[in-house]
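Open the model in your viewer and keep the selection tool at hand. The stops below say what to select next and what is there.

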Amino acid sequence: MVKYCQSCNVQKAFMVRPKTGNLICQNCFFQAFEDEIHHTIISNQMFKPGEKIAIAASGGKDSTVLVHVITLLNKKYNYGLNLYLLSIDEGIKGYRDDSLETVKQNQITYQLDLRILSYKELFNWSMDEVVAQIGLNNNCTYCGVFRRQALDRGAIQLGVDKIITGHNADDMAETFLMNLLRGDIFRLPKSTAIITGDDGDNGIATLPRCKPFKYTYEKEIVMYAHYKKLIYFSTECTYSPNAFRGHVRELIKNLEAIRPSAVIDLIHSCEQLDAPNQNQKMPQKQLCQKCNLLSSNKICKACTLLESLNQGRAKQILQIQD
Amino acid sequence: MQQKEPKLCKKCKTNNPNIIIQKDPVCKECFIGYVEHMFKMSLRLKCNITQKNEKLLVCFSGGQNSTALVKMASDVVHSTCAYNKSKMFIEVHVLYINESFIMKQFIQEYQPQDYTNFVTNECKLPFKNIDIQSIYPDPYILLKQLHNLSESGSSREDFVRLIKNHIIYDYAIKNGYQNVCFGQNGQRLAADLFSQLSKGRGLSLQSATKYNFSFIYPLNQQKLQILHPLKELLNKDILYYLRLKSNMNFPQFILGQHLSNNVKNKPAHGNIDHLLEQFIDKLQEGFPSTTFTVLSSAEKITIKPLQQQNHCPLCLEIRDQVYNRLEVETLDNSNQQLINYLRANTKYYNKICFTCNRMLQSAQELEKFYNLDGFPPLIIQLADLIQ
Amino acid sequence: MKIIIDFGGGLDVCFENKKELTLEFEEQQIKMLDVIIRLKTLCNPKKLDFFYTQQLRPGILVLINDADWELEDKEEAQLQHNDRVSFISTLHGG
């Protein structure tokens, strides 16, 4: 028996929507997928006409689909945005060097300016060198902190107003659960914030990071890329994530298998939460005395980590913190 | 073979240790002393049970946690604690909700259990047994509703839980109990919390995990206090306590497992609660601070102020705010049509909270659920009362 | 050598409702891991996930002669002739 799309009732269904379990045809899926991202952008007043936007592009599925969809919506709905591609080269042989080729391909396809910044240039350390120094245990901490800072520097160089990243609904749910398990109550309510970094307390504003895929399932991103025949780079980072995060990822996949709405439901849960009471001290924001970028301490995390690397004593520092 | 230095109990420093509590090896006697002390302190200091002759309704399911709870309560009331025998002058009443009616339908080889001997004779506490189907005018509607709910995703188990809660609250109110005691230990509370969050119940971050949480029962505006006095203990503590204190046989049939009997090839038999229990148990073994980190953050977090405090007639929790329509719906036509239809054609769609909505979403005969067709009069009464 | 096993908290459903088992080992030196591997073969395959995930299911309390196996080295704990090993599970008890 032929099964028809439950949205248009005309075309043959070609997939089940992971979010609802409804049968849907290719066209209705593309339409709904793009409409939902447009809705996310509009309902959150993410952009103003004429703004310069850097798309954080890694060459992976999320950022490849992000480049495609944002370019498309920008034309279709006249957002009036000037788009740039911004890539970070962490210096991981056999992983990032290959994925950057994909980004270069995107640059040609969508005719966008591309800026690539490398850890080696910025910090004089590539991730390969970092791992050689500190081992495989905490490397993700370094990489994460360095990437934040690298993106900020790249965005400043490009002179953009905002950075958009490809974080999807699954990533949001994962961050939420990670922060809860870590007991990080300051970050917890902001785990799923769609725009971060523009709070501007103490008169310091940093570049806003926006996440247009907040309500977009990872599964649907993969499907969209597949059926649109977008070329992306799909290899896991050679330095795999720590055991803790691995457990949480597996949990989210299992949850989704049992109750597909669970990913969005976790986001909905997080939206109900607020920052802790006034009497619990929030870390104060200030400018790092070394690099002059935003920090919650006198010296920012990136500079602290960098200094410890340079003194060859990174291992000890991490052990003391634990 | 390498000769190990003989370890001694960290507390009494005389006996050989049998179990580890919070990294310290202790002996059997000191362990029991610790659990009993912890229970009394939780009741007095954390649950605020300080008045003389205060009445406590203890919910008992026949499972391990609530068995331990009943046993501890009995020792406290009858001053039969092994060590600190000081008596607490409280009245404890045990309530058991008998699920046999559902069990028999889902489990062929089911044999009903009678807990009267354990509660009345062994623990010497007054015991009340209520059949779960008794609040339905037509009990078979309950079975039909369960069959109509999706088998995967814990919807059926959630439904049974909310019917049980209605019975408990109703019984407590009608019989003058302000304090309702549940037996979940800390590890179970942490797992429950994760499970609730995965179902969208962010508002319950505090209420689900507090030692004591009070709310106003909508029907007659009376205050009810939900207590979790075993919050400081872990699964392991409960198991070892029972090992030393009771000869109870635990039921072989766990309703949740059987409600989703035909779900194959899904993690944890398609049951979210069990999946999260497994998740927390696994982390707890690798990272022993897991449970208490989660519970202490849950206590510190606040929730966003709500414009209105309306309750959901099904779960009686506060109806949560939706900040973006994509949390609730998708923008493809089929989903839009369904939601518009339910909004326009059912009586209670807008009163039901986000999470209960998710529970019903995949049901057969959706309109019946959203019209509360055949539901217990108690629930319909609440729904009509709630704005 | 002989090891006595007992099950609590409903785990007996995995072993034909037997609350107690006796395992015979030819070796003179065995550790807990050997016991767990042997029990996996005896466990009712339908109920296997109560007892076993990749290893022994997390959350099962294991006692060697009534003392927590974490006091020894868990899987590595050495056993003696006539030792009693208890497995007690939560089996989703409420």
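Start with the two domains of chain A: the centres of domain 1 of chain A and domain 2 of chain A, taken over C-alpha atoms, are 23 Å apart. Select residues 44-274 of chain A for domain 1 and 286-321 for domain 2; these bounds come from an automatic or database domain assignment. This is a predicted model, in which local features need pLDDT of at least 70 and side-chain atom pairs count only at pLDDT 80 or more, while totals for chains, interfaces and linings use all residues. Residues are numbered from 1 along each chain as its sequence is written, chains are lettered from A and ligands numbered from 1 in the order in which they are written, and side-chain values use heavy atoms, with hydrogens and water left out.

**Stop 1: between the domains of chain A**

Show the residues in contact (heavy atoms within 4.5 Å). Domain 1 of chain A puts 15 residues against 18 residues of domain 2 of chain A. The two domains bury about 1,500 Å² between them, and 76% of it is on carbon and sulfur atoms. Buried area here is the accessible area (1.4 Å probe) that two parts lose on being put together, summed over both.

How many salt bridges cross the interface of domain 1 of chain A and domain 2 of chain A? The rule finds 0. It asks for a side-chain nitrogen of Lys or Arg within 4 Å of a carboxyl oxygen of Asp or Glu. Polar contacts do occur across this interface: 2 residue pairs, both residues at pLDDT 80 or more. A polar contact is a pair of N or O atoms within 3.5 Å; within protein, one must be able to donate a hydrogen and the other to accept it, and residues adjacent in sequence count only if both atoms are side-chain atoms.

Now colour helix H5 (127-134) and helix H6 (139-158) of chain A, the elements that give two or more residues to the domain 1 side. Helices (H or I, at least four residues) and strands (E, at least two) are DSSP runs, numbered from the N terminus. H6(A) supplies the largest share of that side, 7 residues. By class, the domain 1 side has 9 nonpolar, 5 polar and 1 charged. Ala, Val, Leu, Ile, Met, Phe, Trp, Tyr, Cys and Pro count as nonpolar, Asp, Glu, Lys and Arg as charged, and the others, Gly among them, as polar.

**Stop 2: a salt bridge within chain A**

Over all chains, the count comes to 49 salt bridges. For one of them, select A:Glu90 and A:Arg147, whose closest N and O atoms are 3.3 Å apart. A:Glu90 lies in the loop between strand S4 (82-89) and helix H3 (96-110) of chain A and A:Arg147 in helix H6 of chain A, so the pair ties together parts 57 residues apart in sequence.

**Stop 3: chain A against chain B**

Among the 2 pairs of chains that touch, A and B have the most contacts. Chain B gives 54 residues and chain A gives 49. About 4,400 Å² is buried between chain B and chain A, with 65% from carbon and sulfur atoms. Select B:Ile301, B:Thr302 and B:Leu326: in chain B, these lose the most area to chain A, together 13% of what that side buries.

Next, find strand S9 (residues 273-274) of chain A, which is joined to S9(B) by 2 bridges and runs antiparallel to it. Strands pair if DSSP finds at least two bridges between them. A:Asp274 has B:Thr302 as its bridge partner.

The interface of chain B and chain A has 4 salt bridges. Show B:Arg358 and A:Asp265, a salt bridge with its closest N and O atoms 2.7 Å apart. Across the interface there are also 22 residue pairs in polar contact.

**Stop 4: chain C against chain B**

Turn to chain C. No contact joins chain A and chain C, and their closest C-alpha atoms lie 14 Å apart. Chain C meets chain B through 31 residues from each chain. They bury about 2,700 Å² between them, 49% of it on carbon and sulfur atoms.

Between chain C and chain B the count is 6 salt bridges. Select B:Asp281 and C:Arg57, a salt bridge whose closest N and O atoms are 3.9 Å apart. Polar contacts link 11 residue pairs across the interface of chain C and chain B. Finish by colouring helix H2 (48-51), strand S4 (61-64), strand S5 (67-68) and strand S7 (83-88) of chain C, which each supply at least two residues of the side that touches chain B. That side of chain C has 9 nonpolar, 11 polar and 11 charged residues.
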